[in-house]
Amino acid sequence: MKFLKKPGAVSCMASLLSILAGILFGFLLLIAFNPSHALSGLVNMTTNGIANSDKLAKVFYMATPLMMTGLSVAFAFKTGLFNIGASGQYVVGAFMAIYGAVQWQLPWYACILLAMLGGAIWGSIPGICKAFFNVNEVITSIMFNWIGLYTVNLILLNSPAMFTNYYVPQAPNTPLTVSLKLANPEAILPKMGMNEWMQSEYINISIFLAILIAVVMWVILNKTTFGYELKACGFNRHASEYAGINARRNIVLSMTIAGALSGIGGALYYLSGTAQYEILKTALPAMGFNGIPVALLASSNPVGTIFSALFVSYIQVGGEALQPEYVKEIIDIIIAVIIYLSAFALLIRGWIGKLVTRRSLESEEKKLSPAGKKGGNTPC
């Protein structure tokens, strides 16, 4: 019971319970659709991510942008803000990285800095509206998601050097951005020989950069005055202003940093040399929205986002092993249920906290009561 009195332990327990509930529901769903392959499907889904080095490399590859968007949402949460604009910031960051790589022939590290700048600018606008005009950041960030998506499409369509129209089996007549391997190999993230060691083209240094950034964010939030002020604004903006903290500045800076993190996520994903940005998208990328459950599973802890992002990515890669026994859509349903249940992590954490507190109070009452003492009798 002493273990559960620690806030970090309670958060971890709540997240694990949410994950187990999601996997159990997924198993029931597999039974409902194809009972004869349900058990093997569950085993494949939970082990495919480590079936070989290529699958493991893909887990790291998919976890990297999830980690960055999760950090973006978690960082804003700490200031009491809900950054639902991570998708737009992710798109703008990806565009800046690709544009810098192809149009300006910049190296990979300059492209990442450019993406960080683009995401930061896009994230700062909802922050400014919130701080100075008291406009709800959810409304403005949602609007800027779509503004960012269509602005990027417009610019790319008017930049002939940025893409080539060619047919791909999965999506005929879909224009994709030009391959970085052909346009600018210097913009591709270094693999440091890991691709030969793991026999996979998915692996590169992006996962290590994301982990490093997560640790830096943890240090900023927990070991600096700036981080203390951000969290103070998140707990009570008016009380923090009374204490002399500039709440407006911190709100703008929080959303700016959150946007920068999402922008870096877009850069790390598309600078891998594996993925290509699809022009004429009419839907926002799921990476931005999936950052929300990543942050919830981690209880907005930057270090926790490392593990929650790896888990979500692991389930996504594991779901690929369910075919052909199950249709592709069932994978999305199972992942969606697990992600949806992750939203209850905070609620479960509250239940565990109340249970631990009640048990502690009952234990203390027994110790203090005369009947609880050894050999003690209630006086007449």
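Which residues have the most contacts inside the largest nonpolar core? I found L30, M68, Y269, Y270, L271, Y277 and I334 in that position, within a core of 69 residues. Helix α4, residues 86–102, gives this core its largest share, nine residues. I note here that the model is predicted.

**Entry: the whole chain.** I counted 16 helices and two strands in the secondary structure. Of the 380 residues in the chain, 51% are buried. I then took the contacts between residues at least 6 apart in sequence, and 76% of them join residues at least 24 apart. The accessible surface comes to about 18700 Å², and carbon and sulfur atoms hold 67% of that.

**Entry: Y270.** I went back to one of the core residues with the most contacts, Y270. Leaving out residues up to four places away in sequence, I listed Y90, A94, I98, L180, A275, Q276, Y277 and K281 as the residues that Y270 touches. Y277, in that list, is also among the residues with the most contacts inside the core.

**Entry: S272.** Is S272 buried or exposed? S272 has a relative accessible area of 2%, and the limit for buried is under 20%, so I logged S272 as buried. I placed S272 in the loop between α12 (247–270) and α13 (286–297). The side chain of S272 makes a polar contact of 3.4 Å with the side chain of Y61. A polar atom of the S272 side chain also lies 2.9 Å from the backbone oxygen of Y269. Not counting residues up to four places away in sequence, S272 touches Y61, I188, L189, K191 and N204.

**Entry: S262.** S262 counts as buried because its relative accessibility is 0%. Apart from residues up to four places away in sequence, S262 touches M68, T69, S72, A86, Q89 and Y90. M68, one of these, is among the residues with the most contacts inside the largest nonpolar core. Y90, another of these, is also touched by Y270.

**Entry: helix α9.** What span should helix α9 have, and what does the model give? I took 18 residues (206–223) at 1.5 Å a residue, which should span 26 Å. The end C-alpha atoms of α9 are 25 Å apart, so the two values agree. Next I listed the buried residues of α9, which are S206, I207, A210, I213, A214, M217 and L221. They cover an arc of only 120° around the axis, so they sit on the same side of α9. In an α-helix there are 3.6 residues a turn, so residues three or four places apart point the same way. On the other side of α9, I found L212 and K223 exposed. The cover over the buried residues of α9 includes α3 (53–78), α10 (225–235), α12 and α14 (302–319).

**Entry: A183.** Where is A183 found? I located A183 in helix α7, residues 180–183. With a relative accessible area of 23%, A183 is partly exposed. A183 and V102 are 81 residues apart along the chain, yet I read 5.9 Å between their C-alpha atoms. A183 touches V102, Q105 and V178, not counting residues up to four places away in sequence. V102 falls at the end of the residue range of helix α4, 86–102.

How values were computed:
Residues numbered from 1 in each chain as written. Predicted model: local features only at pLDDT ≥ 70, side-chain atom pairs only at ≥ 80, totals over all residues. Heavy atoms only, no water. Helix = DSSP H or I, 4+ residues; strand = E, 2+ residues; numbered from the N terminus. Buried < 20%, exposed > 50% of the residue type's maximum accessible area, 1.4 Å probe, protein only. Polar contact = N/O pair within 3.5 Å; in protein donor to acceptor, adjacent residues only side chain to side chain. Contact = heavy atoms within 4.5 Å. Core = buried A, V, L, I, M, F, W, Y, C linked by side-chain atoms within 4.5 Å. Areas by Shrake-Rupley, 256 points an atom, 1.4 Å probe, with all protein chains shown as cover. Expected span 1.5 Å × (residues − 1). Arc of directions from axis to C-beta.
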